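Here's a walk through one protein model, piece by piece. Keep the structure open beside you and find each residue as it comes up.

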Amino acid sequence: MPQLFSRADENGWVTPAATDVGVAPAEKPYDAKYLYQQANLIQRRFAELSTPVRIVDVRASPSHLRFLLRPAISGQTAQLGGITENLRPALPGLQRTLKAELVELYPAQKSGEGAVLLVRPENPTSLSLDYLLGQENFLNATDPTVLSLGLSLNQQTIVRDLRFMPHLLIVGDAPQRLHLMSALILQLCLFNTPAEFRFALIGARTEVMDALAQSPHILGGTLHTLKEFRRLLDGLIKHLGQRKNQFNQQNAKTLDEYNESVKGQPQKPFPRLLITLDAVSVKGWGEDRQAWFSNLYRLVKEGPALGLHVVLAVPDLQSTTVPSQLLELMPEQMILRSAFNTVNWAQPPAAFPVALIDSMYRANGSAPQPVELPEVDNKQIGQILKYWRRVATLRNTDSPDAAPIPPTGLTGYLRRTGQTGALLAARQQREAEQSDASLSAAILAEVPAIIKAKRDTKPDLPVVDENTPPVPRHFLLLEKKYRRAGALAAYLGWLSIGPLIDVLEQSPQDARATLKALQEAGLLEAGESPMLRFMRLSEEE
């Protein structure tokens, strides 16, 4: 299950393991015994109406049961689709027998396959993000930009890659739009670090929006007005120009190509950007189209190759809310039930029971596909954001001995490695000014942490002459050979010329210079003979 493990990026950020933030593959919603009992009740009920059927397939999600029906008599499959209307009078009685909230019957999507009976049990469980993330076709996708949009009536998870979508248009003013937008953001926050992914939020204040705004992945805060959105657009247009110049210098055509080309170079990789815009709740959106259309159109057109994507929620597909030029660039659409009657369907949806459908998903002119959307748990949002806030706090602290990032998945304990030397020097300077007497112990405690640093960051030392005050003695430890010697002294409990020659392979002359430097720094007592730094047990007794 590759998607559910943690991962470290090039900047030292670590994504959480899914189980560490309350996301785990959901168990099967119903056991086999229950499904077998329901199938038997259905077959008996239809047999009583002189229309015997056999159930050839059963699929279950948390909120629905799907039974594929065919005639019990061989060779009459094609006839079943024609007699579904005759079976409808039996549905109210079947609903009572099954103790279901809703029962619907409709022809199978493919001609000649029979009919489908959809059953919503009493007090159904809402479709959760856990359930979607635990499906096989999602777990088999290893790219961190893969998204699970919802569940089809065939109980198949709709999985798409943000890089290739590359935008999503949500049509309808129902609350489900906010559930879908927050589910997309949470998935990207779960599998991407703030160095790899950032998002912007534009829309009215809601509890979910306010919670998401606390993530270190967010660009600024939540924007609530059209004026603020226009200001963001202006900044994004300038940023796209900068990205385009950098891409041209590296001869890169996509964000992935650019980020790969700058590894090991001074240039930093760019994060992927997601602009999440709830135009349903932005006042003046439809009336002041000229204020946003030009720049938004440019973002949608040029953004995908440069790593920028847009999720736009609109109440309908009127030209005032979504101009046709913009609509052509956003072929992937999730149409909510509240907007079904306002859409001009190029390919009309099949005869699905509308009461059981949250939305219709269509991409690139394909036939609409009914989709059940997930509901995001507020507790789950809190756990994911709590993790990222804690990690961001640990990264921002100036203490080199701050607690390590907690173990997540297969990653284990990871300490910060960048700029450790410089941070240590600053801390030691403060301690030296406060209490010179405690300097030796403070430095000795920090030496192992410095040795673990992957990069040695050496601050510029002042030039020493007759008119320059003496360099603080703890700066001597910033030289690598002295740090290693200090660590060896801390490990052995003592130090002399012998270990420096044998372990660190120093020459006798360098070894004497090292001992002198450590003595001047206060890490070793003055003298020619080795000085033990602990008491022998025999002497303690």
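## The overall picture

The protein chain folds up into 19 helices and 13 strands. Here helices (H or I, at least four residues) and strands (E, at least two) are DSSP runs, numbered from the N terminus. This is a predicted model, in which local features need pLDDT of at least 70 and side-chain atom pairs count only at pLDDT 80 or more, while totals for chains, interfaces and linings use all residues. Residues are numbered from 1 along each chain as its sequence is written, and side-chain values use heavy atoms, with hydrogens and water left out.

How much of the chain is buried? Of the 541 residues in the protein chain, 45% are buried. Buried means under 20% relative accessible area, exposed means over 50%, and partly exposed is in between (1.4 Å probe, protein chains only). The accessible surface of the chain comes to about 27,000 Å², and carbon and sulfur atoms own 49% of that. Those areas come from the Shrake-Rupley method with a 1.4 Å probe; for residues, only the protein chains shown count as cover.

Contacts tell you about the fold too. Take the contacts (heavy atoms within 4.5 Å) with a separation of 6 or more: 64% of them are between residues 24 or more positions apart.

## A helix to look at: α9

Helix α9 covers residues 226-250, and at 1.5 Å a residue its 25 residues should span 36 Å. The expected span is 1.5 Å times one less than the number of residues. The end C-alpha atoms of α9 are 36 Å apart, which agrees.

Which residues of α9 are buried? Among them are L226, F229, L232, L233 and L236, and the list also includes R243 and Q250. The buried residues of α9 pack against β8 (197-202), α10 (255-261), β9 (272-278), α11 (293-306) and β10 (308-314). After α9 comes N251, with a positive phi near 55°.

## A buried glutamate

Now find E372, in strand β13 (residues 369-372). E372 is buried yet has no salt bridge. A salt bridge needs a side-chain nitrogen of Lys or Arg within 4 Å of a carboxyl oxygen of Asp or Glu. The nearest side chain of opposite charge is R120, 6.3 Å away. For charge, Lys and Arg count as positive and Asp and Glu as negative; His and the chain ends are not counted.

What does the side chain of E372 make polar contacts with? The side chain of S63 is one partner, at 2.3 Å, and the side chain of H64 is joined to E372 at 3.2 Å. (A polar contact is a pair of N or O atoms within 3.5 Å; within protein, one must be able to donate a hydrogen and the other to accept it, and residues adjacent in sequence count only if both atoms are side-chain atoms.) Leaving aside neighbours within four places in sequence, the residues in contact with E372 also include S61, L127, G150, L151 and D358.

## Salt bridges

The structure holds 16 salt bridges. One of them pairs the side chains of R45 and E48 (3.4 Å, N to O). R45 and E48 are three residues apart in helix α1 (residues 32-48), so about one helical turn separates them. R45 is partly exposed at 25% relative accessible area, while E48 is exposed at 55%.

D256 has a salt bridge with R163 (3.1 Å, N to O). This pair links distant parts of the chain, with D256 in helix α10 and R163 in the loop between β6 and β7, 93 residues apart. D256 also meets R272 in a salt bridge (3.2 Å, N to O). Since D256 lies in helix α10 and R272 in strand β9, that pair ties together parts 16 residues apart in sequence. R272 is buried, with a relative accessible area of 8%. Salt bridges that share partners join D143, D161, R163, D256 and R272 into one network.

Where is the cis peptide bond between M165 and P166? Its omega is about -15°, and P166 is found in the loop between β6 (157-161) and β7 (168-171).

K99 has a positive phi near 55°, in a residue other than glycine. K99 lies in the loop between α4 (91-98) and β3 (100-107), and counts as exposed at 60% relative accessibility.
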